Structures are given as C-alpha cells and as structure tokens.
Amino acid sequence: MLADSEDALTIRAVAERLMKSHPQVDAGLVQSSVQTAYEELRYARVRAYLPVLMERRAQDLLPSGE
C-alpha cells in the first residue's frame with residue numbers, strides 16, 4: 001500500500017499533526033484523509049514539499065467543524 005518507509009513516516013507525521021490540531025475529528029477520518037491526500041500526491045516530482053501539500057489537502061478533506 002505504501003511506497004516506502006519514508007512515505008510511511010511522512011503519512012504518520014502528517015496524521016499526528018492534524019489529530020493534534022483537530023482533536024474533535026475522529027482519528028480514523030483524519031487518517032483516511034491523509035491517506036487520500038498521499039494517494040493524490042504520491043507521484044509528485046518535487047518530494048520536498050510532499051508533507052506540506054499532503055497536510056493542506058487532508059485538511060481540506062476534513063469537516064470544518066465550525
């Protein structure tokens with residue numbers, strides 16, 4: 001499922017940051033939004049920005065809650 005261990009670490013780190021910033025959102029929903037963001041961006045040529053782009057995209061997929 002995951003491309004390699006570096007991507008797995010990135011996914012975990014992004015999910016953890018989002019869970020901390022959105023404690024009201026179910027952890028499973030956060031993880032699935034991060035996984036979706038990863039799937040959309042996994043073939044990006046410039047990998048240096050992958051965590052930031054994934055976090056922004058996953059945040060867009062989460063309910064606003066406001």
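Four salt bridges turn up in this predicted model, where a salt bridge is a side-chain nitrogen of Lys or Arg within 4 Å of a carboxyl oxygen of Asp or Glu. The model is predicted, so to speak of local features a pLDDT of at least 70 is needed, side-chain atom pairs count only at pLDDT 80 or more, and totals for chains, interfaces and linings use all residues. Residues are numbered from 1 along each chain as its sequence is written, and side-chain values use heavy atoms, with hydrogens and water left out.

**Salt bridges**

- Arg-47 and Asp-7 pair through their side chains, with N to O at 2.6 Å.
- Arg-47 sits in the loop between H2 and H3 and Asp-7 in helix H1, so this pair ties together parts 40 residues apart in sequence.
- Asp-7 is buried at a relative accessible area of 5%, while Arg-47 is partly exposed at 33%; buried means under 20% relative accessible area, exposed over 50%, and partly exposed in between (1.4 Å probe, protein chains only).
- Another salt bridge joins Arg-17 to Glu-55, whose closest N and O atoms are 2.8 Å apart.
- That pair links distant parts of the chain, with Arg-17 in helix H1 and Glu-55 in helix H3, 38 residues apart.
- Arg-42 and Glu-39 also meet in a salt bridge, at 3.0 Å from N to O, and Glu-39 is partly exposed with a relative accessible area of 35%.

**Overall fold**

- The chain has three helices and zero strands; these are DSSP runs numbered from the N terminus (helices: H or I, at least four residues; strands: E, at least two).
- The radius of gyration is 11 Å, close to the 11 Å that the globule rule gives for 66 residues, so the chain is as compact as a globular protein of that length. The radius is taken over C-alpha atoms, and the rule is 2.2 Å times the number of residues to the power 0.38.
- Buried residues account for 32% of the 66 residues.

**Nonpolar core**

- The largest nonpolar core has 13 residues, and Ile-11, Val-14, Leu-18, Val-30, Val-34, Met-54 and Ala-58 touch the most other members. Such a core is a set of buried Ala, Val, Leu, Ile, Met, Phe, Trp, Tyr and Cys residues joined through side-chain atoms within 4.5 Å.
- Helices H1 (5-21), H2 (27-41) and H3 (50-61) each supply at least two residues of this core.
- Leaving aside neighbours within four places in sequence, Met-54 has contacts that include Ile-11, Val-34 and Tyr-38, a contact being heavy atoms within 4.5 Å.
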